[in-house]
Amino acid sequence: MPADDDVLELVHRLMHDYRSLQYRLLRDGPHEITHMEGKVLGFFHRHPGATQKELAQHSGRDKAQMARLIAGLRERGLIDAEVDEADRRNVKLSLSAAGLAVHRGLQQQAKRLSAKAVSGLGTAEKEQLLALLRRVRQNLAK
């Protein structure tokens with residue numbers, strides 16, 4: 001078991017706990033959304049009409065893995081596809097109404113969990129925590 005004073009290991013465990021709680025509701029719901037599927041829905045929410053290739057480039061994931069994820073989401077009616085009239089080889093993807101509803105559920109769950117995670121912290125403590133985490137991130141970017 002890693003030491004409790006290893007900052008990055010604690011951040012990793014925290015994010016694991018957060019993701020587990022975040023997706024429990026939807027994973028056990030009618031759509032059984034996984035973490036990666038939630039990320040794909042978020043991408044197409046932010047980039048409606050983007051292509052599978054653009055998703056793969058953005059995510060850095062394998063094209064085949066993205067193709068399987070998109071196919072599954074399309075089969076479940078969460079993503080709509082439309083052939084690009086300018087280049088019929090491309091398919092523009094966007095969230096369906098059901099996909100948008102699932103994405104909104106994920107966002108609402110994230111807000112509730114975020115509030116739960118910092119409950120009991122004062123405003124100054126929250127600001128200090130954010131500042132420290134930003135500094136750690138900057139240190140890693142150097």
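Student: What does the accessible surface of the protein chain come to, and what share belongs to carbon and sulfur atoms?
Tutor: Keep in mind that this is a predicted model. The accessible surface of the protein chain comes to about 10100 Å². Of that, the share belonging to carbon and sulfur atoms is 53%.

Student: In what order do the elements of the protein chain run from the N terminus on?
Tutor: The secondary structure comes to six helices and two strands. Starting at the N terminus, the order is α-α-α-α-β-β-α-α.

Student: Is the protein chain more spread out or less spread out than a compact globule?
Tutor: For 142 residues the globule rule gives 14 Å. The radius of gyration here is 18 Å, well over that, so compared with a compact globule the chain is more spread out.

Student: Which residue forms a salt bridge with arginine 76?
Tutor: Look for the closest N and O atoms of the pair, which are 2.9 Å apart. Arginine 76 lies in the loop between helix H4 and strand S1, and its partner sits in helix H2, 39 residues apart. That partner is glutamate 37.

Student: Does glutamate 37 count as buried or exposed?
Tutor: Buried means under 20% relative accessible area. Glutamate 37 has 9% relative accessibility, so it counts as buried.

Student: And what about arginine 89, buried or exposed?
Tutor: Arginine 89 forms a salt bridge with aspartate 87, with the closest N and O atoms 3.0 Å apart. The cut-off for exposed is over 50%. Arginine 89 has 72% relative accessibility, so it counts as exposed.

Key: Residues numbered from 1 in each chain as written. Predicted model: local features only at pLDDT ≥ 70, side-chain atom pairs only at ≥ 80, totals over all residues. Heavy atoms only, no water. Helix = DSSP H or I, 4+ residues; strand = E, 2+ residues; numbered from the N terminus. Rg over C-alpha atoms; globule rule 2.2 N^0.38 Å. Areas by Shrake-Rupley, 256 points an atom, 1.4 Å probe, with all protein chains shown as cover. Salt bridge = Lys/Arg side-chain N within 4 Å of Asp/Glu carboxyl O. Buried < 20%, exposed > 50% of the residue type's maximum accessible area, 1.4 Å probe, protein only.
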